[in-house]
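Here is a short briefing on one protein chain. Read it alongside the sequence and the structure.

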Amino acid sequence: MGTGTPLTDGGLFLIQFLIGMVIFILMLRFLLRATHADWRHPIVNFTAKVTNPICFPVNKILPAKGRWDIAALITAFIIQALFVLFIGWMTGKEFGAVFIVIASLTEVANQLLDMMFWLIIIQVILSWVSPQYNPNTAIFIQITEPILAPFRRLIPPVGGMDLSPIFAILAIKLAQIVIVGSIVQFAQPLSGIAG
């Protein structure tokens, strides 16, 4: 994504990092609400306080109902779309509307799937290191349990070992490679079309 000068590349990297962090915290907000995580937990409380101002405009139009925080997803999509437009402006390319939508959707989907992947890894490591209940680490169980539950129903424990995290990780990575990757491959030729 080089644009020429090291200063410009450094600035672009910094903006990309900041946008990535914002998308990350919005995806965390979405997962925390979707999994009914305990809102008294400090991580959940922090996430809500940081993201409430960002999600406020979309929440006014689409108030959150039930467990699905659609405002967090839409806000992440809008921020990512603005970033794609910014990249186009910085690199002198005119991206078409279809490309911007697809690029933004796939990046948000990748972030969400990456977060699910790493949360499962963290939860597995914590279950080995601290098998007893710990209120500080219980949040990871709350977040990953709804992701792992369908795999546990399909794959029973073998010799007392829960293999559901392995199959969940495989499914997440396959979704990224096959589904999201196919969509990205479809969108690449559209990157030069003005729309």
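**Overall fold**

From the N terminus on, the chain's elements run α-α-α-α-α-α. The secondary structure comes to 6 helices and 0 strands; helices (H or I, at least four residues) and strands (E, at least two) are DSSP runs, numbered from the N terminus. This is a predicted model: local features need pLDDT of at least 70, side-chain atom pairs count only at pLDDT 80 or more, and totals for chains, interfaces and linings use all residues. Residues are numbered from 1 along each chain as its sequence is written, and side-chain values use heavy atoms, with hydrogens and water left out.

**Dimensions and burial**

- The C-alpha trace spans about 55 × 35 × 35 Å along its principal axes.
- Of the 195 residues in the chain, 37% are buried (under 20% relative accessible area; exposed is over 50%, partly exposed in between; 1.4 Å probe, protein chains only).
- Take contacts between residues at least 6 apart in sequence: 68% of them join residues at least 24 apart. Contact means heavy atoms within 4.5 Å.

**Nonpolar core**

- The largest nonpolar core has 45 residues. Such a core is a set of buried Ala, Val, Leu, Ile, Met, Phe, Trp, Tyr and Cys residues joined through side-chain atoms within 4.5 Å.
- Elements giving two or more residues to this core are α1, α2 (42-61), α3, α4 (97-129), α5 (138-154) and α6 (164-187).
- Helix α4 supplies the largest share of this core, 13 residues.
- M27, L32, M116, I120 and I139 have the most contacts inside the core.
- I139 touches L32, A37, H41, I43 and V44, not counting residues up to four places away in sequence.

**Packing of α1 and α3**

- The axes of α1 (residues 6-34) and α3 (residues 70-91) come within 9 Å and cross at roughly 170°. Axes are lines fitted to C-alpha atoms, for helices over the stretch in contact, and angles run from 0 to 180 degrees between N-to-C directions.
- The two helices, α1 and α3, are therefore roughly antiparallel to each other (angles over 145 degrees).
- Residues of α1 in this contact include L12, I19, L26 and F30, and those of α3 include L73, I79, F83 and M90.
- By class, the contact of α1 with α3 has 16 nonpolar, 4 polar and 1 charged residues. Ala, Val, Leu, Ile, Met, Phe, Trp, Tyr, Cys and Pro count as nonpolar, Asp, Glu, Lys and Arg as charged, and the others, Gly among them, as polar.

**A loop residue to check**

- H36 is in the loop between α1 and α2.
- H36 is not a glycine, yet has a positive phi of about 55°. Most residues other than glycine have a negative phi.
- H36 counts as exposed, at 54% relative accessibility.

Note on methods:
Angles under 35 degrees count as roughly parallel, over 145 as roughly antiparallel, 65 to 115 as roughly perpendicular and the rest as oblique.
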